[in-house]
Amino acid sequence: MSFDIPSIAQYTPEATVFIGVILVFMLDVAGIRSRAIIGGATSIFLLLAFLQVLADLGSWPLQGLSTLPAGLLGTQNGPVIFTNFGLIFQGIFLLSALLVALASVSEADGEEVPTFYALLSLAALGMLFVAISADLIFLLLSVEITGIATYVMVGYTRKDRRAVEAAMKFYIIGALSTAISFFGASLLYGAYGTTSLTAFRALPANSSLALVGFGMVAVGLGFKATLVPFHMWAVDVYDGAPASVSAFLAAGSKKMGLFGIFIVFVAAVRIFASAQGFALYLALGALAVITMTVGNVMALEQTTMKRMLAYSSIAQAGYMLLGIAIDTPAALAGATLQITADVLMKAGAFIVVGAAVGLGVGPLITDWRGVGHSRPGIGASFAIMLLSLAGMPLTLGFVGKFYLFFAAVEAGGYFTLLAIAGLLNSALSVFYYARILRYMYMPESTGSATAGAHPLSHSSLGVGNAPAAPAWGSVRDEIRGTGSARWATVVGIALLLLVLGIYPTPLIGAMNSAAQQFLTLGL
Amino acid sequence: MSVFAYPSPLTDLLAISLVGAAATFFAGKWARWVALTTAAVSLGIVIWVMVNFQLGTAFDYQFVQVVPWLTLSGGSGGIGVNYTVGIDGISLPFLLLSPILTIVSVVYHWNETKNPAGFFGLVGLTNAGLFGVFVSLDILLFFAFWEIVLIPMFFLIGHWGGPRRHYASIKFFVYTHVASVVTLVALFAMVFLGGWSSMDFGGSISTAQVAALDTKNIMVVPQVLLFGAMFFGFGVKLPMVPFHTWLPDAHVEAPTGGSVLLAGMLLKMGAYGLIRIAFPLLPYGHVNAEPVVLGIAFLSIIWGAFLSLSQRDLKRMVAYSSINHMGIVLLAIALWTQLSVTAAVLLMFAHGLVSGLLFLLSGSVHHTYGTRDIPSIGGMNSRTPALTTMLMIGSLASLGLPALVSFPAEFSAFLATWEALRWWVFLPLLGLVVTAGFYLWMLQRMAFGPPRGIPDKATDLPFNEMISMGLLVALIVLYGILPYLIVQFIPHAAIFATQCFHGGSTVCTSTP
């Protein structure tokens, strides 16, 4: 339990992000408030940290640049443990922050700009610590670093009443959920005399106090992960917050909650598998199915784009929870893949919605009518994101879902039911994603599914009201409307979804081995 | 295994059709030429493949290419997913049909005015997806292409379709997506319960190993359940009664070219899945479920025929007659003999050509006469003789006139039924009588008799429509007179599918 000063090198990503935060504050003091400078600097620091994490993971072509001391992986050092699984999540968290930082360069300048970027980096810093925590208290404190930063981010514009209301709501719910988590942690300490997550794994299920403790920790983290029934805040907050902040909440902060649940419950399911048998698996499976069903059903009837995306994000959390509810290496790898896909899809989708104002598109889903034709670049990218969210092949969303359900069928028996529930949900979600595609590419769409006269009374040859063919001029217009940084981020995300959807081989390889290690070697 | 060359021409086929479809979207006013060239080049590759296809040398897939793609952690030591393509005599007819119907659609819509680049690009994308379905020999690859085909068809129906296109497109998408989802679970379960080490179902493994792909170590009850799930999933696409209700909406609302591909190719995907996966790999399943499958086949034949009889809309009538024809296909598959599977594949090839022609005709009747309502049109032959001639050829081909392509197909299907079920054959024959009845009745009302509901300026078929219909008529006659041209490929693969799995008969271990 000692901290080794020379081993500070292993914290290079964290240190990089932290230096970025200090720099942003110094620029603020110097009176520099330009998004291009501050956002650019933050993006560079986040990118450096991201590349460092990739190097630590040994991914091509950075494998020689790792700063992790040999033999560090998998050995606990005080409240900290480095694992490949945690490093993958560090990469995921940094990616979400990086995408948001890049995209928001295109937003308006203002005095709050440094605040936003400093908070974004701080939130990313908290998430980096979450990914290496080996101790419940350390985990919850790191979650809180991110939590406090995100509470402020939601209301950072200060003038928007809805954003401030959302920030208040988020803050109160967040504080409550943290309190519940810490209470749970204290119960666990009472039951076992330790808060070390690795120690939990080897312990017997000696008291129902521990079960209550795990349950309360799950409630606290479930708020962050927007699991039903702890999802109520999410829709209002995602709706009220600026779109770039919603992007970060859905892409980053939510994944942190899920990761927390993974590392806490990988111990809990083992402790209670012996005593309560299947009960905990059943409970987690039920939670996952309820979350995805509620999310999808509610998303069906939304009329504004942001609320629809918020509910779809809740539904996605349900799929990801399957990773721990099935508790096999394949399931955990599938969930990680799905989380990676969702970071890209949800960050991308909220960024697109944030760009809508610049494109002259309103907040309603029906306002997207014809956008596919008038804004070819953004339209096609958004369509790819929606198809990926719906789980269509050739996109990363398909690979993630496919792998998750594959793992569920492999686990057999009751878990097959989870796969069926998940797949039916996936089919249900096609309704609302296809509806947006319909508005975007079939602009004369009436909105009522059964509208239209008798089939014999009209021409069905489709002559007339031809939309303008995509032209390069309209692409220039749309880049001007959204800002080049945001446009490039959106198009880049869409391309990434396609490329990784067709060639996910390196991702799958890394996640398979990381999940395997995580489940077998201890945390 | 006969690994032909590296890379396989099938990979070229996929790559060219995908790239061509993508280029079509950006080709502006040249879109139709790009689409036509792409389809023609892919047809050329298919013909080259047919010429170089080795007939009856070994019970193997040909032109095989295997590239490792993913390894999923699962089973013992992981489950491999490969990019595996290859064909045999069962997939070859579909491979030929797809570019033909694509060319026909493109030519028919030559003067499309509503976003032509998008239309031709989506048609090309459908074609590329179909190629993928019929060459994939890996379960994940097969499923991925299976789903991809839905996306362009969704847009084709939803943007270029009839008045109720939005309803029809969503219904089509969700209905068939739910079916595929059920199939996917069953496919996974088959892989795990059968203890497979890869998702490959034919390409990377030799004949002996195919025989050892022993799903017989799955117990009877799970096998029946798996078969039931796959039968549902593939059957919705077929479509079979009672899961056929998406079809009339999708077909009637789809643009003409979309209907051609929908009826000509997409319906065949379901039957292909049954022949390729569900029946050979789940022997206990199909043996135990045979009464149900036969019952549904008879029901589809009779119900489809009577539904057609009651339609006033020409296009709707043709759509319902597809249910009847696919019912005969299902019947032939269910009998699962060499003759019946050959008949099923030939029947699908024939139906692809004939229903394509009939959907083109419904489109032409509609824009010539302003309506497709059968009772309100009469005496067409005096005003539009070319259109009427085509309509007669299409109707006669659909009801199975000798010397047209449906005849050898239906004849062999009924022969196989007689061999297996004896007098039951009169049930599907009753369906055939009704089919003949409604086509002749339709001709009598529309083509002959006193002129009714004819607009002042009824012009006969435009040149491009004439060409696309003429192409189909030529093929219908050619393959009707010389069915050997396509039949020669099928029986050998049909023996393989029906007898060689699970260490089947000795015929499979030797080269014939």
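Which residues lie nearest the centre of the largest cavity? The model is predicted, so local features need pLDDT of at least 70 and side-chain atom pairs count only at pLDDT 80 or more, whereas totals for chains, interfaces and linings use all residues. Residues are numbered from 1 along each chain as its sequence is written, chains are lettered from A and ligands numbered from 1 in the order in which they are written, and side-chain values use heavy atoms, with hydrogens and water left out.

The structure holds ten cavities of 30 Å³ or more. Here a cavity is a set of points, on a 1 Å grid over the protein atoms alone, where a 1.4 Å probe fits but cannot get out, and lining residues have an atom within 4 Å of a point. Grid points are joined across faces, edges and corners, and a volume is the space filled by probe spheres set on the points.

The largest cavity has a volume of about 100 Å³. Its lining has 13 residues, and those nearest its centre are A:Gly391, A:Phe398, A:Leu423, A:Ser426 and B:Leu184. Two or more lining residues come from each of helix H16 (396-411) and helix H17 (414-441) of chain A, and from each of helix H5 (139-160) and helix H6 (165-193) of chain B. Helices are DSSP runs (H or I, at least four residues), numbered from the N terminus. H16(A) gives the most, four residues. By class, this lining has eight nonpolar, three polar and two charged residues; Ala, Val, Leu, Ile, Met, Phe, Trp, Tyr, Cys and Pro count as nonpolar, Asp, Glu, Lys and Arg as charged, and the others, Gly among them, as polar.

The second largest cavity, with a volume of about 80 Å³, is lined by 15 residues, among them B:His325, B:His351 and B:Ser398, which are in the group nearest its centre. H13(B) supplies the largest share of this lining, six residues. The lining divides into seven nonpolar, seven polar and one charged.

Turning to helix packing, the axes of H11 (residues 283-309) and H17 (residues 426-446), both of chain B, come within 9 Å and cross at roughly 20 degrees. Axes are lines fitted to C-alpha atoms, for helices over the stretch in contact, with angles from 0 to 180 degrees between N-to-C directions. H11(B) is therefore roughly parallel to H17(B), a term for angles under 35 degrees. The contact (heavy atoms within 4.5 Å) includes B:Phe298 and B:Phe306 of H11(B) and B:Phe438 and B:Trp441 of H17(B). It has twelve nonpolar, three polar and no charged residues.

Technical notes
Parallel < 35°, antiparallel > 145°, perpendicular 65-115°, else oblique. 1 Å grid on protein atoms, 1.4 Å probe; cavity = no way out; pocket = protein on both sides within 12 Å on 5 of 7 lines; lining within 4 Å.
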